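Thanks for coming. Please have a look at the structure first.

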Amino acid sequence: MIIGQLPKAFDPRKLARQGRQFEGSLALEQFGQLVDSLADDKGEVKVSLHFYMSEDHRVILEGTVSATLKMICQRCLDVADIPVTADLRLMGVLTDEQARALPEDFDPMMMGEEPVELVPLLEEELLLALPIVAYHPPEDCLAQKSFTTESEEEAKAFAEQVEEERTSSNPFSVLAELKKDTTN
């Protein structure tokens with residue numbers, strides 16, 4: 001396994017035949033399209049890749065790409081650290097027809113004569129893994145703490161009361177009361 005230096009571009013066939021593994025990190029600022037949706041371009045993207053050949057001699061790339069991204073919390077509009085992880089499970093294809101015929105658990109990785117660029121490949125996976133809406137965890141969000149109409153004790157008491165009413169209320173209890181009235 002090679003740790004540290006990730007290739008900028010690679011030949012997936014060659015690396016798969018060699019069974020190569022890579023582990024390292026890249027500067028977040030290299031991911032231009034991803035950085036455009038972030039509050040800050042500081043940080044790193046951790047990458048772990050494993051290339052191998054399947055039993056039917058197809059090129060496979062598996063791995064993970066992860067980063068803690070600074071995004072704007074949509075509750076409080078402050079910067080939130082959002083952990084994002086994408087699992088890679090790619091199979092090399094040469095045509096769109098091969099891509100459509102892939103097993104369900106694989107995504108296509110288009111291979112041609114040119115080497116595959118690593119950063120655009122990883123950036124696409126991270127973009128797909130971004131949350132639709134970024135939020136702090138509720139206990140860390142200023143808006144969640146500041147804009148409530150009740151104290152924490154009142155909220156707990158109300159939640160307990162609602163739970164008690166839910167468990168004790170029976171829609172047929174009215175019928176039981178009617179039955180008591182007719183027997184007397």
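Let me start with Ser 54, in the loop that runs between strand β4, residues 44–53, and strand β5, residues 59–72. Keep in mind that this is a predicted model. Is Ser 54 buried or exposed? Its relative accessible area is 16%, and the cut-off for buried is under 20%, so Ser 54 counts as buried. Its side chain also makes a polar contact of 2.3 Å with the side chain of Asp 56.

Now the protein as a whole. There are seven helices and eight strands. The protein has 184 residues, and 30% of them count as buried. If we take contacts with a separation of 6 or more, 53% of them are between residues 24 or more positions apart.

Next, the interior. In soluble globular proteins, nonpolar side chains tend to be buried together. Here the largest nonpolar core has 40 residues, and Leu 49, Leu 69 and Leu 122 are the ones that touch the most other members. Two or more residues of this core come from each of α1 (12–18), β3 (21–27), α2 (32–35), β4, β5, β6 (79–93) and α4. There is a second, separate core of six residues, among them Ile 60, Val 93, Ala 99 and Leu 102.

What does Leu 69 touch? Leaving aside residues up to four places away in sequence, its partners include Leu 28, Leu 34, Leu 38, Ala 80 and Leu 130.

Leu 122 takes us to helix α4, where it is one of the buried residues. The others on that list include Leu 118, Val 119, Leu 121 and Leu 126, and also Glu 123 and Glu 125. The helix covers residues 118–129, which is 12 residues. At 1.5 Å a residue it should span 16 Å, and the C-alpha atoms at its ends are 17 Å apart, so the two values agree.

The cysteine sulfur nearest to that of Cys 73 belongs to Cys 76, 3.7 Å away.

Methods. Residues are numbered from 1 along each chain as its sequence is written. This is a predicted model: local features need pLDDT of at least 70, side-chain atom pairs count only at pLDDT 80 or more; totals for chains, interfaces and linings use all residues. Side-chain values use heavy atoms; hydrogens and water are left out. Helices (H or I, at least four residues) and strands (E, at least two) are DSSP runs, numbered from the N terminus. Buried means under 20% relative accessible area, exposed over 50%, partly exposed in between (1.4 Å probe, protein chains only). A polar contact is a pair of N or O atoms within 3.5 Å; within protein, one must be able to donate a hydrogen and the other to accept it, and residues adjacent in sequence count only if both atoms are side-chain atoms. Contact means heavy atoms within 4.5 Å. The expected span of a helix is 1.5 Å times one less than its number of residues. A nonpolar core is a set of buried Ala, Val, Leu, Ile, Met, Phe, Trp, Tyr and Cys residues joined through side-chain atoms within 4.5 Å. A disulfide is a pair of cysteine sulfur atoms within 2.5 Å.
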